[in-house]
Amino acid sequence: MTEAEQEKAPDVSALEQEGEIAADYVEGLLDIADIDGDIDMDVEGDRALVSVVGVKGNELVGPEGEVLEALQELTRLAVHRQTGERSRLMLDIAGYRERRRAELTKLGNEVANQVKEKGEPKSLRAMTPFERKIVHDAVAAAGLRSESEGEEPQRYVVVFPA
């Protein structure tokens with residue numbers, strides 16, 4: 001591994017520590033709310049992934065994942081407070097993000113096909129950064145270009161013909 005690759009390579013032990021801090025924080029929240037659920041931790045690419053599994057209902061996900069996004073930000077703040085480092089931690093609850101990833105990949109592919117057929121750019125509705133990234137990846141895999149436009153929280157993806 002070259003020196004540049006070593007600098008870019010994620011520090012797995014630091015990501016595992018982030019995951020442990022986040023898991024403790026989320027477990028505390030579950031205890032306070034008296035919600036049953038198990039915590040799984042993993043490192044995926046260059047970020048820690050903490051999943052809450054075995055949760056009944058959607059209270060922790062909320063409409064369109066709004067509660068999940070808020071919990072993720074709170075968890076990232078808890079990690080930052082202990083480590084002093086900005087966290088890119090990903091929190092998932094009851095498999096919501098994995099289901100959403102599949103839906104958005106399908107959407108990205110469908111929109112890419114529409115843009116190829118019509119030859120005109122197409123704008124999508126506002127999305128979270130997580131959602132936009134998945135759509136951008138699907139569009140790129142289809143051989144097209146996409147960009148995010150607008151200001152948070154109303155940023156959206158625009159898909160352009162080749």
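**View 1. The interface between domain 1 and domain 2 buries about 400 Å².** Carbon and sulfur atoms give 37% of that area; here, buried area is the accessible area (1.4 Å probe) that two parts lose on being put together, summed over both. On the side of domain 1 that touches domain 2, the residues divide into two nonpolar, no polar and four charged. In this grouping, Ala, Val, Leu, Ile, Met, Phe, Trp, Tyr, Cys and Pro are nonpolar, Asp, Glu, Lys and Arg are charged, and the others, Gly among them, are polar. Please keep in mind that this is a predicted model, in which local features need pLDDT of at least 70 and side-chain atom pairs count only at pLDDT 80 or more, while totals for chains, interfaces and linings use all residues. Residues are numbered from 1 along each chain as its sequence is written, and side-chain values use heavy atoms, with hydrogens and water left out.

**View 2. Domain 1 spans 12-94 and domain 2 spans 98-160.** These bounds come from an automatic or database domain assignment. The C-alpha centres of the two domains lie 26 Å apart. Six residues from domain 1 and six residues from domain 2 take part in the contact, meaning heavy atoms within 4.5 Å. What kinds of pairing cross from domain 1 to domain 2? The count of salt bridges is zero, a salt bridge being a side-chain nitrogen of Lys or Arg within 4 Å of a carboxyl oxygen of Asp or Glu. One residue pair is in polar contact across the interface, both at pLDDT 80 or more. A polar contact is a pair of N or O atoms within 3.5 Å; within protein, one must be able to donate a hydrogen and the other to accept it, and residues adjacent in sequence count only if both atoms are side-chain atoms.

**View 3. R88 forms a salt bridge with D46.** Their closest N and O atoms are 2.9 Å apart. The pair links distant parts of the chain, 42 residues apart: R88 sits in the loop between α3 (66-83) and β3 (90-93), and D46 in the loop between β1 and β2 (47-53). Helices (H or I, at least four residues) and strands (E, at least two) are DSSP runs, numbered from the N terminus. The structure holds nine salt bridges.

**View 4. S13 lies in helix α2 (residues 12-33).** Its side chain makes a polar contact with the side chain of D11, at 2.9 Å.

View 5. Most residues other than glycine have a negative phi, and most peptide bonds are trans.
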